Amino acid sequence: MSVRSRHPVCACPRCGYPLNAATAVNDDDAAPEPGDVTVCCRCVTTLVFIEGRDHLGLRLPTVAEGDHLGKDPTIARLKAALISAARKVGWELE
Ligand SMILES: [Zn+2]
């Protein structure tokens, strides 16, 4: 996996990990926009990009969004890949 887009640091709202990069799963040249979904590489929580004051921020999904995103096979595969990669390097997920 390679980083395709850098963005100003925004902390994961669940674990506080500073996130400053994203890789699009469907379009290698895409940069994140408000409403796009991502997964924290530290705690594997699904997150949603939001418009911040100066740059993008992140929030947890609403319950309805979480229900929908929990059934998304792309997100499930991404989370499984992150967990597998963390185990290979001995990185303990939060
Ligand atoms: Zn996190």
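Two strands count as paired when DSSP finds at least two bridges between them. With that in hand, welcome to this predicted model.

**The hairpin**

Strand E1 covers residues 5–11 and strand E2 covers residues 18–22; the two run antiparallel and share 4 bridges. One of the residues involved is Arg6, whose bridge partner in E2 is Ala21. Together E1 and E2 make a hairpin, with 6 residues lying between them. Look in that turn for Gly16, which has a positive phi of about 85°.

**The chain as a whole**

How many helices and strands does the protein chain have? There are 2 helices and 5 strands, and along the sequence they follow the pattern β-β-β-β-β-α-α. The radius of gyration is 13 Å, close to the 12 Å from the globule rule for 94 residues, so the chain is as compact as a globular protein of that length. Some values for the whole protein chain are gathered here.

| Property of the protein chain | Value |
|---|---|
| Box filled by the C-alpha atoms, along the principal axes | roughly 35 × 30 × 25 Å |
| Residues that count as buried, of 94 residues | 13% |
| Contacts joining residues at least 24 apart, among those between residues at least 6 apart in sequence | 44% |

**Helix H2**

Helix H2 spans residues 73–89, which makes 17 residues. From its first C-alpha to its last, H2 reaches 25 Å, close to the expected 24 Å. Is H2 largely buried or in the open? The number of buried residues among its 17 is 1, so H2 lies largely in the open. Just after H2 comes Gly90, with a positive phi of about 75°.

Key:
Residues numbered from 1 in each chain as written. Predicted model: local features only at pLDDT ≥ 70, side-chain atom pairs only at ≥ 80, totals over all residues. Rg over C-alpha atoms; globule rule 2.2 N^0.38 Å. Buried ≥ 20, exposed ≤ 12 C-beta atoms within 10 Å, placed from the backbone. Contact = placed C-beta atoms within 7 Å. Expected span 1.5 Å × (residues − 1).
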